[in-house]
2 protein chains.
Amino acid sequence: MHSLETLVAVLKEKMNARQFPATPASLYEPNEYFLSIGGKRIRPVLCLMGNELFGEISEDAYHAAIGIELFHNFTLIHDDIMDKAPLRRGMQTVHVKYSEPTALLAGDVMLIRAYEHLNKINSHYLHAVLSVFNKTAREICEGQQLDMDFERQEKVGLNDYLRMIELKTSVLLAASLQIGVILGGGGLDNQHQAYLFGKNLGLAFQVQDDYLDAFGDPGKFGKQVGGDILANKKTFLLIKAMEVASGAQLEEMNALLSGDMPDKVERMLSIFRECGVDSWAQALKDQYQQKAFRHLDNMAVPSGRKQALSDLARYLVEREH
Amino acid sequence: MHSLETLVAVLKEKMNARQFPATPASLYEPNEYFLSIGGKRIRPVLCLMGNELFGEISEDAYHAAIGIELFHNFTLIHDDIMDKAPLRRGMQTVHVKYSEPTALLAGDVMLIRAYEHLNKINSHYLHAVLSVFNKTAREICEGQQLDMDFERQEKVGLNDYLRMIELKTSVLLAASLQIGVILGGGGLDNQHQAYLFGKNLGLAFQVQDDYLDAFGDPGKFGKQVGGDILANKKTFLLIKAMEVASGAQLEEMNALLSGDMPDKVERMLSIFRECGVDSWAQALKDQYQQKAFRHLDNMAVPSGRKQALSDLARYLVEREH
């Protein structure tokens, strides 16, 4: 059994190797640049851990893990274009550093490269892995489209927001695990439990993300606390608060959303607290986390093998930064 | 054996069926709109014809054909964004009718949908088909990048231009044929000959395209003759003329390229004629066409089975519009 740290280190080494041909450099350099920005490599780690539930990590699992990470990077490059984001992890995004057409094409070729890695998987598993992967990839596009639609809508319901987060974030965590399980020879029920573990973990992760952005300890959080509030971003907290706020609170929230007053963050946070969305969010996170762990418990593999996934889940959901 | 007309009709019917889920409509309606614009469906026809060289057209060949056509449409949606093209076949492009972010995402999901169709292929053939498909898909991205690079370069060599056209246009015709052959059970040599037939056919096709744009009969051509010249587009004709022109001719060409005088088309055409690039282009086209036919001849299947491909090749290369 490998620890989280070991698997992250192995993947970082694999991802640091050159992933694309040298020419045409005008196409592939932007890809290498973007991969060099790095990342937590959580999704491929989940794939490897799902695989290791059933024995030694297979070569196929490494192929799938790299494919999944390249796919994730494809979504980031294209999302950054759509969101007009200037920075990613403090570095220039691809469309800013190069150009929009080049970033568009770099994303396309990153996606195709992901499929090239998946096609290294043993033919016995290829169809099953691609079924999960393709469905998930399409769902992620649906999630991004809903996210863009919601930005233009005045009011978004909590259930609609949940569905969007599920599509945009959770299904890839879920699919990464399921693919690891498929490649470990896991049956349909174990695949299903792994998928639901990942899906609920993803939801818990996103609730925590929204919570930390508003209520995180500035000394530990690393980013500017209140960034989502300043950007009027629709989050779990804002959407829930709009649902439970009194008439007067709602009026103040709408005023805050349409202006840029210097005390915007503090005033929104105090409405959040008055509405109890801070404790609501913590309870919601706990609920998803517990649900995730129940699905991990349900997996028919020796408990000792589940430790790494359990540790990773706690790290993702209980983190303070 | 099916005629070209029959296969085109069958594919049109298949492509007219809904290809995407109903929701989210904001994502999938742009895809359905773009597919409704239509097209010649040449690539999937080549896949079916390649397959029929070996017997009845298989269900797998239809899956591959649809996947290839969706892939081709993905490239068109994204190319239109990169080229800032307002129209495609006289209809609004996706980014103009909807928005750039939506067109970007619609293209992404069109590519993923292509892979969903390919994944319906029998597992026995899946790895081989995806190997050809993935390599080709990546080459097409390389071709598009080179095309964009060349637009910014003052001088482009004929060999570099040839390589770009090969990547951007020919390899997909070649791969469509090869995939049809793989799914017909054709061996490696037949696959190779089919690929080279398609590649040379694609080059002949592109030379004819450039020729017609300059020297086509305005009554038959359908588009404005001289459109490439007005747009300063680098074509076989312009690149060859720049290579063989005298000092005085080169000077006039550069003046024409940097201005928009009313007689720009006629003056450029008369330099083309003085340099003999009209007959050079016809000879080049014949050369590729003959090479293509030699590879078709080399295929180890009964000659009678080659008739449809031979007819299609003549139609593509000898057309006057």
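In this predicted model, A:Ala64 is in contact with A:Cys47, A:Leu118, A:Ile121, A:Val129, A:Ile179 and A:Leu183, once its neighbours within four places in sequence are left aside. A:Ala64 also belongs to the largest nonpolar core, a set of 189 residues in which A:Ala64, B:Ala64 and B:Val129 are the members with the most contacts inside the core. In general terms, nonpolar side chains tend to be buried together in soluble globular proteins.

One of the contact partners of A:Ala64, A:Cys47, is a buried residue of helix 3 of chain A. Eleven of the eleven residues of this helix, which covers residues 42-52, are buried, so helix 3 of chain A is largely enclosed by the rest of the structure.

A helix that is mostly covered is found in chain B, where seven of the nine residues of helix 12 (residues 236-244) are buried. These are B:Phe236, B:Leu237, B:Leu238, B:Ile239, B:Lys240, B:Ala241 and B:Met242. The cover over the buried residues of helix 12 of chain B includes helix 8 (158-183), helix 9 (188-215), helix 13 (247-257), helix 14 (264-274) and helix 15 (277-298) of chain B.

The relation between the two chains was examined next. Chain B can be laid on chain A by a turn of 180 degrees with a shift of 0.0 Å along the axis, and the superposition leaves an RMSD of 0.0 Å. That is the relation of a two-fold axis. The contact between the chains takes 31 residues from chain A and 31 residues from chain B. On the side of chain B that touches chain A, at least two residues are supplied by each of helix 2, helix 4 (59-82), helix 6 and helix 7 (123-152) of chain B. Helix 7 of chain B provides the largest share of that side, with 15 residues. By residue class, the side of chain B that touches chain A divides into 17 nonpolar, nine polar and five charged residues. Of the interface residues of chain B, 100% are also interface residues in chain A, so the copies meet through the same surface.

Two of the helices that supply residues to this side of chain B, helix 2 and helix 6, also pack against each other within the chain. The axes of helix 2 (residues 25-36) and helix 6 (residues 100-118) of chain B come within 9 Å and cross at roughly 75 degrees. Helix 2 and helix 6 of chain B are therefore roughly perpendicular to each other. On the side of helix 2 of chain B the contact is made by B:Leu27, B:Pro30 and B:Asn31, while helix 6 of chain B contributes B:Thr102, B:Ala103, B:Leu105, B:Ala106, B:Val109 and B:Met110. Seven of the residues in this contact of helix 2 with helix 6 of chain B are nonpolar and two are polar, with no charged residue present.

Several local backbone features were also identified. In chain A, a cis peptide bond with omega of about -5 degrees joins A:Thr23 and A:Pro24, and A:Pro24 has its place in the loop between helix 1 (4-16) and helix 2 (25-36) of chain A. In chain B, the peptide bond from B:Thr23 to B:Pro24 is cis, with omega near -5 degrees, and B:Pro24 is found in the loop between helix 1 and helix 2 of chain B.

Positive phi values in residues other than glycine occur at A:Lys84, where phi is near 50 degrees, and at A:Asn232, where phi is near 55 degrees. A:Lys84 lies in the loop between helix 4 (59-82) and strand 1 (87-88) of chain A, and this residue is exposed, with 11 other C-beta atoms within 10 Å. A:Asn232 lies in the loop between helix 11 (227-230) and helix 12 (236-244) of chain A, and with 15 C-beta neighbours inside 10 Å it counts as partly exposed.

Finally, B:Thr6, in helix 1 (residues 4-16) of chain B, counts as partly exposed with 13 C-beta neighbours inside 10 Å. B:Thr6 and B:Val45 are 39 residues apart along the chain, and their C-alpha atoms are separated by 9.8 Å.

Methods: Residues numbered from 1 in each chain as written. Chains lettered and ligands numbered in written order. Predicted model: local features only at pLDDT ≥ 70, side-chain atom pairs only at ≥ 80, totals over all residues. Least-squares fit on C-alpha atoms with pLDDT ≥ 70 in both. Contact = placed C-beta atoms within 7 Å. Axes fitted to C-alpha atoms, helices over the stretch in contact; angles between N-to-C directions. Helix = DSSP H or I, 4+ residues; strand = E, 2+ residues; numbered from the N terminus. Parallel < 35°, antiparallel > 145°, perpendicular 65-115°, else oblique. Nonpolar A, V, L, I, M, F, W, Y, C, P; charged D, E, K, R; others polar. Buried ≥ 20, exposed ≤ 12 C-beta atoms within 10 Å, placed from the backbone. Core = buried A, V, L, I, M, F, W, Y, C linked by C-beta atoms within 7 Å.
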